Amino acid sequence: MPYVFVQTVFYGVIVYAMIGFEWTVTKYFWYLFITYFTLLYFTFYGLMSVAVTPNQHIAQIVAVFFFAMWNLFSGFIVPRPHMAIWWRWYYWACPVAWTLYGLVASQFGDLQNKITDDETVEQFFRRYFGYKHDFLGVVAVVTVAYAVVFGFTFALAIKVFNFQKR
């Protein structure tokens, strides 16, 4: 966890400056928070996938399948309001969707700059993506929960499962 934190700080400063986000303390710490727990749950997911499968080759197959599904349903390609209604449940179960929600809502969800004469940035993100700035608390809890669940599952699997053959 300390390694991921150091990685997040170095990565966060460089990428935040390169993207050109607004330099406010609140927005920067939201960015670091979401980035830290995203890197943490991806790390724990990799550990968990190796711990619950008999070898690294099967773990890689399982991980690639879930990474593809997470990318497909994250809301980046097709936003949640435009998804078919019967697939929206997977959007809410997708950890990458929560990361994307947290990053976009924390950086752009409160901007009052006008895009058109009758719509602000905040209104556009609410209408098109369904992102609400006041939902960030829930996003933070769910992002932390994914890291905890993946870490706990890894610890449990490494203790309980034994794939050795005699």
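Which backbone oxygen lies 3.2 Å from a polar atom of the side chain of Ser106? That atom belongs to Leu103, in a polar contact (a pair of N or O atoms within 3.5 Å, where one must be able to donate a hydrogen and the other to accept it, and where residues adjacent in sequence count only if both atoms are side-chain atoms). This is a predicted model, in which local features need pLDDT of at least 70 and side-chain atom pairs count only at pLDDT 80 or more, while totals for chains, interfaces and linings use all residues. Residues are numbered from 1 along each chain as its sequence is written, and side-chain values use heavy atoms, with hydrogens and water left out.

Ser106 has its place in helix H5, helices being DSSP runs (H or I, at least four residues) numbered from the N terminus. With a relative accessible area of 1%, Ser106 is buried, a word that stands for under 20%, whereas exposed stands for over 50% and partly exposed for values in between (1.4 Å probe, protein chains only). Not counting residues up to four places away in sequence, Ser106 touches Lys27, Trp30, Tyr101, His133 and Leu136, where contact means heavy atoms within 4.5 Å.

Now turn to helix H3, whose buried residues are Ala59, Ala63 and Trp70. Seen down the axis of H3, these fall within an arc of 30 degrees (taken from the directions from the helix axis to the C-beta atoms), so they line one face of the helix. The face turned away from that buried side carries the exposed residues His57, Ile61 and Val64. What covers the buried residues of H3 includes helices H2, H4, H5 and H7.

Note on methods: Helices (H or I, at least four residues) and strands (E, at least two) are DSSP runs, numbered from the N terminus.
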